[in-house]
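My notebook is open, and I am ready to look around a new protein. Come along and check each entry with me.

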Amino acid sequence: MTVALRIEVGNEDLTMSRFAVSPLWELTHALRLLAVPPGQPKLAVLRPWLARARDRYLALARATDIDAVLALMPPGWGADFLAPVPGSVDTTIGELLDQVRSTPPAQVRREVAEALRRQPRADPRVRRVLTGDRAAGYLADVLAAAWQAVLEPEWRTLRAILERDVVYRAGQLASRGWAAALTGLHADLGWRPGGIELTRWRTDEGAALDGRGLLFIPSVFVWPGLALSLDPPWPPALIYPARGVSALWERPSQAGPGTALDRLLGTSRAAILLALQDPASTTQLAATMGQSLGGIGDHLAVLREAGLIARARSGRSVLYRRTPVGDALAAAEI
């Protein structure tokens with residue numbers, strides 16, 4: 001029987017909700033996935049990235065105590081202090097690691113005890129590390145090394161995917177409301193008057209945001225599911241799959257050599273036009289397409305002069321989007 005969870009949402013919650021990006025949540029979840037033996041069917045979409053990152057992960061595991069981090073992430077649970085609440089879209093990995101280091105000792109002991117209860121066969125050496133007085137600082141150092149090895153080499157692309165998703169979702173919320181925005185987040189997520197409804201959930205108990213709002217966090221590595229946190233120390237938070245995950249291991253859809261769009265615009269400009277299915281900044285396009293900022297800027301100027309794209313400011317960014325004429329050209333190519 002399908003189980004649904006309903007979360008009551010009041011008017012104050014609608015105004016208090018915001019978006020954020022969590023580099024540390026992405027890191028810890030990437031480590032979870034890399035620790036799983038290769039070939040798991042549910043990881044098929046992420047398999048190209050996992051294959052590319054696995055050698056870096058294995059080298060990391062030989063050089064650092066990654067088992068101590070993994071021991072705090074048993075199946076279906078994770079220690080909250082390993083992934084502090086991100087403040088905004090601009091939150092950095094350094095800021096989050098500083099929060100890990102400054103976790104109150106009582107919280108560390110409580111969450112370590114719960115993790116070890118869920119993993120009674122944890123290695124005795126790992127137990128000694130986690131129950132020591134320096135556990136938080138030690139784990140922060142391991143996570144810093146993991147960041148450098150696993151995600152930092154590709155963070156520019158990853159961050160562009162997440163930021164582009166935030167721009168798109170925030171636009172949906174502003175222009176079409178919660179019903180349209182939530183329905184587009186995930187197939188199991190929907191809006192009913194006065195609340196959010198999640199189908200195929202673990203419990204049918206109700207919940208309420210109680211004026212705290214909802215923190216929306218896009219993620220590459222949560223795919224294909226959702227993660228929901230309603231308990232302190234996190235505010236109510238929904239971690240959902242970001243759009244455009246394939247950009248982690250392959251370039252955006254490109255016009256093939258010799259196609260009509262390729263002959264008309266040139267390979268690079270045709271690829272940019274197709275990539276602008278969703279609005280994007282120069283920096284985001286450069287990151288996901290592997291081109292220089294200058295090169296992307298020159299191509300955008302030509303496309304704009306031709307009337308195929310337009311630009312508008314969104315906060316601190318200038319976003320480019322296709323015009324109706326650009327949409328028509330792209331649709332004919334696709």
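Predicted model: local features only at pLDDT ≥ 70, side-chain atom pairs only at ≥ 80, totals over all residues.

Entry 1: Rolling a probe the size of a water molecule over the atoms shows where empty space is left. I found 1 cavity of 30 Å³ or more, and the volume of this largest cavity is about 40 Å³. Which residues line the largest cavity? I noted Phe19, Arg169, Leu173, Ala181, Leu182, Leu185 and Phe216. Helix H9 gives the largest share of that lining, with 5 residues. By type, I sorted the lining into 6 nonpolar residues, 1 charged residue and no polar ones.

**Entry 2: the sheet.** First, a reminder to myself: strands of a sheet pair through backbone hydrogen bonds, either parallel or antiparallel. Here I saw 4 strands in an open sheet, ordered E3-E4-E1-E5, with mixed pairing. Strand E3 (189-192) and strand E5 (207-208) are the edges, each pairing on one side only. H9 packs on this sheet and touches E3 and E4; the direction of H9 makes about 160 degrees with that of E3. I also looked up E1 (residues 4-8) and E4 (residues 195-199): they run antiparallel, joined by 5 bridges. Ile7 stands opposite Ile196 in E4.

**Entry 3: Ser219.** Is Ser219 buried or exposed? I read a relative accessible area of 0%, so Ser219 counts as buried. Ser219 sits in strand E6, residues 215-219. Beyond its neighbours within four places in sequence, Ser219 is in contact with several residues, including Trp25, Glu26, Leu162 and Tyr240.

Note on methods: Residues numbered from 1 in each chain as written. Heavy atoms only, no water. Pairing = 2+ DSSP bridges. Helix = DSSP H or I, 4+ residues; strand = E, 2+ residues; numbered from the N terminus. Contact = heavy atoms within 4.5 Å. Axes fitted to C-alpha atoms, helices over the stretch in contact; angles between N-to-C directions. Buried < 20%, exposed > 50% of the residue type's maximum accessible area, 1.4 Å probe, protein only. 1 Å grid on protein atoms, 1.4 Å probe; cavity = no way out; pocket = protein on both sides within 12 Å on 5 of 7 lines; lining within 4 Å. Points joined across faces, edges and corners; volume = space filled by probe spheres on them. Nonpolar A, V, L, I, M, F, W, Y, C, P; charged D, E, K, R; others polar.
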